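Please read the following briefing alongside the sequence and the model, topic by topic.

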Amino acid sequence: MLKDVHSEAINNAFSEERLWWRGPMMMMTEMLSLTCDRLMSHRQLACCASHCCIPLNCKELLIYSNPNTSKKPLLLTGHHGDISAMVFGTGKDPVLLCSASADYIIVWDIERCQKRAAEGRIAAGTIIGTSLGEVDYLAFSLSDQRIAACSRNTVYILSSKKEDVMCTLTGHLGPLTCAEFCPWNIDILVTTSEDRTFKVWDLTTECVYYQSFVLSASPLLSVCFLEDSRQLITGSSEGQVWCFSLPDDHKCHLVTRMDLQKMQKRLERQLDTAAANRPGGVTGVMQEQQTHSDIVETSKPVLRMSFCSSLTGTRDMEKNRRNGCLWIGSSDGLYLVDLATSDLLAVIYFKEFPKVSISMAGSWSISPGRQNSTVCLVSSMFAPCVVLLEVQMPDSVDGLRDLLRPNWTGGEDLTVVPSAPPLLESPLHAAFKQKEPTKKGGVREQPLVFHSNVRSSGYTSSPRRNMFSPKTNIQKTSHTTKTNKKIGWKLRDYPANSTAPSVPHTKLSIAKKPVCCFQYSGNGKHILCGLGDGSVLLYKSSLTGKPAVYTGHGKAVSSVGWSHSRQWWLSASEDQTLQIWPCDNAEPVISMSADKFSKPIKAAQLYYLDKFLLMASGPSLYLYLCHLDRTRDDIKRYQQRSVLKLVRCLETPATEITAMSAINDFFSYIVLACGSDRSIQVFDMNKGAVASELSDAHSRAIHCITQNKGSMFSTQAPDSYNLFLTSAVTDGVKLWDLRTLRCVRRYESHVNRCYPCGSAISPCGRFIASGSEDNCAYVYDIGSSSYIHKLQRHSDTVLNVTFNPAMPELLTGTLDGELSVFHPSTGTSLSPESCA
């Protein structure tokens, strides 16, 4: 029984309302519905941009034209057994179809078969395999020259032109579930099996390049490739998705792992928050919550995956993204995943479309369609039914993300580099009051002489014993005098094309205490290291010589920071104290005692070119006006001439601020703060208020936030300074764009399950480094989620990483007090000390 519903549209009010909550401008239309004589839930279906294939009576094939499903289908006969798998080729001219049963594997030329049928002759195909067993999966190579046929735990590589078994691959411990050819290497094949592993095969030697470990407790079902980023993706029957890199050496490493169930819940929370921020959105959220109360959670098997090539970004950040979007066909609907951020962009549930004949899917075939659409051939799980669906997509990824855009209180996008001067009532105009000189009456005291220097009378000098003797050997001196001034450190441009640091250069064990924080000075010549015992060490950047030791804190140092002038630096501790030190003195000029704050100081730094002091303690962000003076009265040394004045105290809804960041190298109004409620607060200090807030930024509280600050030695585009990183335990590192307050990429190759491992951005803005608990540091390319270097040989967990602002150099600090310096693998670089 055939039902053509291509002309029908989904205009049900309930469906449109639910569709708006799940994803904007996402429409799904049922183009074709066919009732079969038996279940097709576990059969491989075939669908391409122009045609779809549906089994008829288990031994025949019906070929429909997707643009015109009402047209009489093409009937293909030739199999004597039940057809178990089918697949279309990758080419468009000609369009090839391969079908398999227990007796034959046949390749059909669709255009030739249509011509023979139009002439009244029987359409025939080419038999390429005979009696290879029940085939569960078929796959064409990129050139359509070879076909992989999976039968039990064996893969047969067949020629698509003639009956020829080119090679046979065995090695899996369970039945095969999928096999796909690598699109950028025709001699690579990846297979998955019920033994919960995947293998990377070399077809020229018939050997295994790489075999994965057991990924899950459930079988792996599907494989998909991303050619631009050289990655492979596999999914299991319990909704887990793994993304692995596939480099030239074929040593795969895990890039990211996703869970459809968790991603769905996170999307629901984001949509509820976005709906509540819209006018009249409260009712919609209440209706949605009432609907959720009747939902029973089920497993979400990854039945089929396909790269979504119909979405193109319009923003600069979207244009530069290498990874795209991925369609995941599951039992309850179709999921659209952003691979760069591991976020769920949209979900299309079958239950939200009453006109669709399927409520639970058993198998999928997904292919790009026409005019920014996607076509899907789906079989029902419990009914003998197969439907052809068309999903209409928005024009860009931005259209999908607009629904999740947070509510901006300012009404406009924020940028780190200001575009206007401060407001008249801005807190940034704060200044100390200058004391007017006191006027005294009467005649002021006058000097007794008119010259500043009075010549001595000579009474106190010793008597002269030698008479005057003329100089006879006077040499003529040139008029040009050479200055003997010490030449300062020369500014050198940061090498923009240098490779990432990867070669160990210097290693130093400073103490058996954790390196809680460190920072390079602005010129890259010195390093401040805050330790877990409350002391601070000041090293040269080469880590040579004895360091200057500063003590004064009773607990671990939470943050250290240099001033922009490099004449001062500060240290804050968990004992609720803060001190500001001059660089040439071991005595602080400002000491803030613990009685001023009720909770530990989580972060502190100088701000607005050293004019202000920013501090985060508890739920409050403090802005102090800062005046630093190193002079002291020798008689009253206990009196400090340095002064701090509280200008503004900003409160956050979180119980505690866990991380904070601001730029001090140039004037900027933006201050970023992360709360214990997993939120990110964007403060506009020009207005002295919260400009925007993003809730549920991570699954755990953020312990590190790092902005792309650049350095005085490198130049970046102004928009690049709007990027910042956040790190959270068990949730990896996320790269955010301040203009949209959206995550644009995620990095998860490192291990971070317990300790607060930090992250950093290189001064050139091309690399990202992160600490890890596997005694390694990871270096990522900012445009790819896969790491490029894994820096090993650390003695313990790498807690902190930072880049030298003057040269391509990476510094790492470990839990057991070890500092390591890494240099690039190519080229020679001079240390800052040698540039004098």
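**Helix α2 and its ends**

- At the start of helix α2 (residues 110–118), a side-chain oxygen of Asp109 comes to within 3.3 Å of the backbone nitrogen of Glu111, where helices are DSSP runs of H or I with at least four residues and strands are runs of E with at least two, numbered from the N terminus.
- Gly120, which follows α2, has a positive phi, near 85 degrees.

**Basis of the values**

- This is a predicted model, in which local features need pLDDT of at least 70 and side-chain atom pairs count only at pLDDT 80 or more, while totals for chains, interfaces and linings use all residues.
- Residues are numbered from 1 along each chain as its sequence is written, and side-chain values use heavy atoms, with hydrogens and water left out.

**The sheet β19-β20-β21-β22**

- Four strands, in the order β19-β20-β21-β22, form an open sheet with antiparallel pairing, two strands being paired if DSSP finds at least two bridges between them.
- Because β19 (220–226) and β22 (254–259) stand at the edges with a single partner strand each, one side of each is left without a neighbour in the sheet.
- From one strand to the next, the twist averages 15 degrees, with axes taken as lines fitted to C-alpha atoms and angles running from 0 to 180 degrees between N-to-C directions.
- Strand β21 (residues 240–245) is joined to β22 by five bridges, the two running antiparallel, and Phe244 stands opposite Leu254 in β22.

- Asn722 lies in the loop between β47 (702–707) and β48 (723–728).
- Asn722 is buried, with a relative accessible area of 1%, where buried means under 20% (1.4 Å probe, protein chains only).
- Not counting residues up to four places away in sequence, Asn722 touches Leu414, Thr415, Val416, Trp736, Asp737, Leu738 and Arg739, a contact being heavy atoms within 4.5 Å.

How values were computed: Buried < 20%, exposed > 50% of the residue type's maximum accessible area, 1.4 Å probe, protein only. Polar contact = N/O pair within 3.5 Å; in protein donor to acceptor, adjacent residues only side chain to side chain.
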